[in-house]
Amino acid sequence: MNLPRFTYHGPASLKECIAILADEENGAQVLAGGSDLLVRMKLRLETPGRLVSLSNIPGLKDITYRSGKGLAIGAGVALSVLASDAVIREKCPALADAAGLVATNQIRTVATVGGNILQNTRCRYYNRSSVWGKAVAPCFKRNGALCHVVPRGKRCFAVYQGDLAPLLIALNATATILSKKGAEEVPVGSLYSGDGKAPFNKLAGKIATKLTISEDSLDMRSAYRKYRLRGGIDFPLAGVAAALKLRNGLVEDLRLCLTGIASCPVTVPGAGEKVKGRPLSRDAAREAGKLAYAAAHPLANLEGDPATRRSMIRIMTEDILTTFIQAANSK
Ligand SMILES: Cc1cc2nc3c(=O)[nH]c(=O)nc-3n(C[C@H](O)[C@H](O)[C@H](O)COP(=O)(O)OP(=O)(O)OC[C@H]3O[C@@H](n4cnc5c(N)ncnc54)[C@H](O)[C@@H]3O)c2cc1C
């Protein structure tokens, strides 16, 4: 499949990059590794006239840890680097593990952290060729007025399937977003709109430059589990990230975030409150699993049975907490 025609820009500075993106007339889009965007373009799901590559911009591939300040990860860091970097492995091994579960080795080599958290939503009726698209009535995401998954639905239910965002959200990570007005630091969770058709909140003309995880969050125990059909390549059909803080053997905080089940990463409400002040036990793990199950409402928009995907959310949540219990007991 060929790419549609576009003009390529390779600016050498963020300033130049923002200037090109800020000109709304030219419909320019950020190009990072291209493993999401170029595929979408080949399928004619989008046809931006200009692509602004981040690859020549210095500083976007840096990983730095500063005591008391936490971990800063450049948006241009490749997932293969994230998975193997010694600093990430030491300070946040769950993030390295999650990166290592994305797609394939080849894709991880080009795919970036920024592109991963800002990848578009997906649906079995949408991520298809233009020929396929012409054979059925256009859905909301193809600028039509219906949803093939929820026939009387009033909006698009395409699914967010990124592997890194749920963990970053569970760790209360922030993203630095640069626009022509300057840089602002926002919670990663606030980037997502929850609408399958337009999954991000006001990011046009902006660049994510880095992600930051605070020292407090790095002190938490964290983990990510992913359910997929083929271990070697597939997107998550369901995923669970957890971050746990223990003090004197009692739970002080528990944050759970899910992926692959809705149009944005879903934070499980009430997880921390449910187990706060209690010892970390099998009972607590089961209750957290039930809460995560209650927060997950997958639809028939991906491969895999929605009921199985929902059950896997509960099973993976319990599994993570069981691993935390074992780790705490082995100290
Ligand atoms: C076969 C296959 C399997 C995959 N499996 C998985 C999987 O298992 N798990 C998973 O999470 N993902 C998966 N992906 C999705 C995705 O390609 C990668 O996760 C990847 O990380 C995207 O990063 P990229 O740098 O290639 O982004 P690009 O494709 O370059 O960009 C993606 C989007 O983000 C925007 N963008 C990128 N960087 C920035 C930035 N710094 N600031 C602002 N906007 C930006 C782009 O404009 C574009 O809209 C898979 C993709 C393929 C093709």
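Here is a chat about a predicted model, its ligand and some of its residues and strands.

Visitor: Let's begin with the ligand. How many residues surround the ligand, and which are the closest?
Guide: This is a predicted model, to begin with. In it, 33 residues surround the ligand, and the closest are Val30, Ser35, Thr112, Asn116 and Asp163.

Visitor: What does the backbone of valine 30 do there?
Guide: A polar backbone atom of valine 30 sits 2.6 Å from an oxygen atom of the ligand. Glycine 33 has a backbone N or O atom 2.8 Å from a ligand oxygen. For glycine 34, a polar backbone atom is 2.7 Å from an oxygen atom of the ligand.

Visitor: And how much of the ligand does the protein bury?
Guide: The protein buries 90% of the 970 Å² that the ligand exposes when taken alone.

Visitor: Which elements give two or more residues to the shell around the ligand?
Guide: Those are strand 2 (28-31), helix 7 (113-117) and strand 8 (207-213).

Visitor: What about domains, which ones does the shell draw on?
Guide: Domain 1 (1-52) and domain 2 (63-118 + 159-329) each supply at least three residues to the shell around the ligand.

Visitor: How do the shell residues divide into nonpolar, polar and charged?
Guide: The shell around the ligand has 17 nonpolar, 11 polar and 5 charged residues.

Visitor: Is asparagine 116 buried or exposed, and why?
Guide: Asparagine 116 counts as buried because its relative accessible area is 6%, and the cut-off for buried is under 20%. The side chain of asparagine 116 also reaches the backbone nitrogen of leucine 164, at 3.4 Å.

Visitor: And where is the place of threonine 112?
Guide: Threonine 112 is in the loop between helix 6 (105-110) and helix 7. With 8% relative accessibility, threonine 112 counts as buried too. The side chain of threonine 112 reaches the backbone nitrogen of glycine 115 at 3.0 Å.

Visitor: What about strand 3, in which sense does strand 3 pair with strand 1?
Guide: Strand 1 (residues 7-9) and strand 3 (residues 50-53) pair in the parallel sense, over 3 bridges. Tyrosine 8 stands opposite leucine 51 in strand 3.

Visitor: And how many bridges join strand 2 to strand 3?
Guide: There are 4 bridges between strand 2 and strand 3, which run parallel. Alanine 28 stands opposite arginine 50 in strand 3.

Visitor: Let's switch to backbone angles. What is the phi of asparagine 172?
Guide: Asparagine 172 has a positive phi of about 55°, although it is not a glycine. Most residues other than glycine have a negative phi. Asparagine 172 lies in the loop between helix 9 (164-170) and strand 6 (174-179), and counts as partly exposed at 47% relative accessibility.

Visitor: And what is the phi of lysine 202?
Guide: Lysine 202, not a glycine either, has a positive phi of about 40°. Lysine 202 is in the loop between strand 7 (182-187) and strand 8.

Visitor: Is lysine 202 buried or exposed, and why?
Guide: Lysine 202 is exposed because its relative accessible area is 72%, and the cut-off for exposed is over 50%.

Visitor: Last one: where is aspartate 283 found?
Guide: Aspartate 283 belongs to helix 12 (residues 282-295), and at 43% relative accessibility it is partly exposed. A polar contact of 2.9 Å joins the side chains of aspartate 283 and arginine 286.

Visitor: How far is the C-alpha atom of aspartate 283 from that of glutamate 318?
Guide: The two C-alpha atoms are separated by 9.6 Å, with aspartate 283 and glutamate 318 being 35 residues apart along the chain.

Technical notes:
Residues are numbered from 1 along each chain as its sequence is written. This is a predicted model: local features need pLDDT of at least 70, side-chain atom pairs count only at pLDDT 80 or more; totals for chains, interfaces and linings use all residues. Side-chain values use heavy atoms; hydrogens and water are left out. A residue is near a molecule or strand if one of its heavy atoms lies within 4 Å of it. A polar contact is a pair of N or O atoms within 3.5 Å; within protein, one must be able to donate a hydrogen and the other to accept it, and residues adjacent in sequence count only if both atoms are side-chain atoms. Accessible areas come from the Shrake-Rupley method with a 1.4 Å probe; for residues, only the protein chains shown count as cover. Ala, Val, Leu, Ile, Met, Phe, Trp, Tyr, Cys and Pro count as nonpolar, Asp, Glu, Lys and Arg as charged, and the others, Gly among them, as polar. Domain bounds come from an automatic or database domain assignment. Buried means under 20% relative accessible area, exposed over 50%, partly exposed in between (1.4 Å probe, protein chains only). Two strands pair if DSSP finds at least two bridges between them.
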